[in-house]
Each structure stands twice: as structure tokens, then as C-alpha cells.
Amino acid sequence: MAQGRGSAMVATVFLCMLMFMLHSEMAHAATYTVGDSGGWTFNVAGWPKGKRFRAGDTLVFNYSPAAHNLVAVNKVGYNTCTTPRGSKVYKTGKDQIKLVKGQNFFICSIAGHCQSGMKVAVTAI
């Protein structure tokens with residue numbers, strides 16, 4: 001019987017530590033507005049320079065949905081300004097995307113917009 005209580009105590013301590021670690025990670029998540037006050041527009045590819053992103057941070061893309069959209073793409077889609085099959089297309093004008101660890105790529109898929117610099121690549125640690 002004492003061994004059962006000991007195991008329960010270890011499990012409880014482990015769960016408390018896990019919840020603390022998860023809460024700490026969430027507390028450190030930051031929110032960034034892509035393009036700052038200018039929003040999601042042309043020539044934002046250099047916007048990430050000097051910023052340090054973490055997995056779980058949120059990018060906010062503000063734009064006119066009548067003029068632009070937002071597409072989460074892979075590296076090939078980013079480099080070629082194409083929308084790979086299965087890419088998630090956003091159209092609200094106030095899209096919020098949580099970063100995953102590694103590279104995150106976004107473009108506007110309206111004809112000519114990505115080629116005019118409406119794309120951004122963010123690496124999250």
C-alpha cells in the first residue's frame with residue numbers, strides 16, 4: 001500500500017512540474033505584427049531582421065482582404081512565389097498564425113504581389 005502512495009506522489013510531482021513548464025513556455029510567447037504599423041504589404045521580406053522568434057509566438061497579418069491574402073507555404077512556394085497544393089490560404093485581413101519551430105514561410109498569392117516582395121520567412125527556435 002505504501003508503494004502505491006509513493007507512486008502517486010511521484011506522478012503528482014511530475015504532473016505539477018510538467019504544468020509549470022508548459023505555463024512558463026506560454027508566458028514567454030510573444031505577438032508580432034508583420035510589417036509593424038504598415039501591416040502585411042509589399043517589401044516586408046526584411047521585416048524579421050533583428051527579431052528573435054520562438055515556437056509558439058504569434059504573427060499578426062493586418063491587410064485589406066479586398067486587395068491581399070495570406071498563404072502559409074513551404075520553402076519552394078516561398079522561393080518560387082507559388083502556392084503548393086494543400087497550402088492554407090487566409091483571407092480575413094487580421095490573420096493570426098502561431099509559429100512552429102523551424103522555418104515558417106508566408107506569401108500573398110494575388111498575381112504579382114509575392115514577386116513584388118509581399119512575402120516573409122521567419123525562423124523560430
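Predicted model: local features only at pLDDT ≥ 70, side-chain atom pairs only at ≥ 80, totals over all residues.

Biologist: Noted. How many bridges join β6 and β7, and in which sense do they pair?
Modeller: There are six bridges, and the pairing of β6 with β7 (residues 119–124) is antiparallel.

Biologist: Which residue of β6 does V73 stand opposite?
Modeller: V73 faces F105. Strand β3 (residues 70–73) pairs with β6 (residues 102–107) in the antiparallel sense, over three bridges.

Biologist: Nice. Stepping back, what pattern does the chain follow along the sequence?
Modeller: Read that way, the pattern is α-β-β-β-α-β-β-β-β, from two helices and seven strands.

Biologist: And what share of the residues is buried?
Modeller: Buried residues account for 34% of the 125 in the chain. The accessible surface is about 8000 Å², with 60% of that belonging to carbon and sulfur atoms.

Biologist: Now the charged ones, please. Where is K119, and is K119 buried or exposed?
Modeller: K119 sits in strand β7, and K119 is buried.

Biologist: What does the K119 side chain reach, then?
Modeller: It reaches the backbone oxygen of Y78, at 3.2 Å. Apart from neighbours within four places in sequence, K119 is in contact with W40, V44, A45, Y78, N79, C81, F106, I107 and C114.

Biologist: Let's switch to D57. Where does D57 lie?
Modeller: D57 is in the loop between β1 (31–33) and β2 (58–62).

Biologist: How far away is the nearest side chain of opposite charge to D57?
Modeller: That side chain is R54, at 6.1 Å. D57 is buried and has no salt bridge.

Biologist: Which backbone nitrogen does the side chain of D57 reach?
Modeller: The one of A30, at 2.8 Å. A30 is also among the contacts of D57 beyond four places in sequence, along with H28, A29, Y32, R52, I97, K98 and L99.

Biologist: Last one: what percentage of the contacts with a separation of 6 or more comes from residues 24 or more positions apart?
Modeller: For this chain, 69% of them.

Note on methods
Residues numbered from 1 in each chain as written. Heavy atoms only, no water. Helix = DSSP H or I, 4+ residues; strand = E, 2+ residues; numbered from the N terminus. Buried < 20%, exposed > 50% of the residue type's maximum accessible area, 1.4 Å probe, protein only. Contact = heavy atoms within 4.5 Å. Areas by Shrake-Rupley, 256 points an atom, 1.4 Å probe, with all protein chains shown as cover. Lys, Arg positive; Asp, Glu negative; His and termini not counted. Salt bridge = Lys/Arg side-chain N within 4 Å of Asp/Glu carboxyl O. Polar contact = N/O pair within 3.5 Å; in protein donor to acceptor, adjacent residues only side chain to side chain. Pairing = 2+ DSSP bridges.
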